[in-house]
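Here is a short report on one protein model. Read it with the structure open beside you.

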Amino acid sequence: MERTVDTPLGPLALQARDGALTRLGWGRAAREDESNLLTQAAAELAAYFAGELRDFDLPVAPDGTAHDRRVWRAMRDIAPGETRTYGEIARAIGSGAQAVGNACGRNPIPIVIPCHRIVAANGAIGGYSGQGGAETKRFLLRLEGAGVR
C-alpha cells in the first residue's frame, strides 16, 4: 500500500504493509492506495506540520538489523523539541556513536522515527539523509521548538 502526502517539505511517499508503516520517502508514491492506516498517517503528518501534533501514534515496522531497530526505538523515546547526541543514544543502547549515526542514515521512516532529533556531541546539527539535508533537519527541529544552530 502506498500514498503521497503533500507537506511543506514537498511530497512524501508513505508505504505500509500488514497494518504498519514501513517507509516514508522523499517524493511521490508509485501509486495512490487507500487504507485506514495511510489515511491516519496522512492526517497525523498534516497535524504535525501544522504544529498541532507532537507525538505520532502510528504502528511502524521498519526493516533493519536488530541494532538498527534498537536505535530507532531509542529515537522514538526522544520528546519533540528535545535532542540527543549520537553518543548519548549509543551509551543508552550499548553501542558506538558511529554505529548509531549509520542507523540514523538507514532510518526508513524519517520524521515519524525522529532521526532529526539526533545531533553531534558539540551541539552542531550534524547530517541528515532526507531531501534537503541539514536544512530539512533544522526545519523539523524548529517546527518542534528545539533550539538549533
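## The start of the chain

Methionine 1 is partly exposed, because its relative accessible area is 39%. The cut-offs are these: buried means under 20% relative accessible area, exposed means over 50%, and partly exposed lies in between (1.4 Å probe, protein chains only). Methionine 1 sits in the segment before strand E1 (2-7). Helices (H or I, at least four residues) and strands (E, at least two) are DSSP runs, numbered from the N terminus.

Methionine 1 touches Leu14, Gln15, Ala16, Arg31, Asp33, Glu34, Ser35 and Leu38, leaving out residues up to four places away in sequence. Contact means heavy atoms within 4.5 Å. Alanine 46 is 45 residues from methionine 1 along the chain, and their C-alpha atoms are separated by 19 Å.

## About the model

This is a predicted model: local features need pLDDT of at least 70, side-chain atom pairs count only at pLDDT 80 or more, and totals for chains, interfaces and linings use all residues. Residues are numbered from 1 along each chain as its sequence is written, and side-chain values use heavy atoms, with hydrogens and water left out.

## Threonine 85

Threonine 85 belongs to strand E4 (residues 84-85). Threonine 85 is buried, because its relative accessible area is 15%. Its contacts include Ile118 and Val119, not counting residues up to four places away in sequence.

## Two packed helices

Helices H3 and H4 (residues 97-105) pack at an angle of about 105°, and their axes are 8 Å apart. H3 is therefore roughly perpendicular to H4. That label covers angles of 65 to 115 degrees; under 35 is roughly parallel, over 145 roughly antiparallel, and the rest oblique. Axes are lines fitted to C-alpha atoms, for helices over the stretch in contact, and angles run from 0 to 180 degrees between N-to-C directions.

Tyr86, Gly87, Ile89, Ala90 and Ile93 in H3 meet Ala97, Val100, Gly101 and Cys104 in H4.

## Helix H5 and its lysine

In helix H5 (residues 133-143), the buried residues are Gly133, Thr136, Lys137, Arg138, Leu140 and Leu141. They pack against strand E3 (20-26), helix H1 (36-49), helix H3 (86-93) and strand E5 (118-119). Just after H5, glycine 145 has a positive phi of about 85°.

Which side chain of opposite charge is nearest to lysine 137? It is glutamate 144, 11 Å away. Lysine 137 is buried yet has no salt bridge (a side-chain nitrogen of Lys or Arg within 4 Å of a carboxyl oxygen of Asp or Glu). For charge, Lys and Arg count as positive and Asp and Glu as negative; His and the chain ends are not counted.
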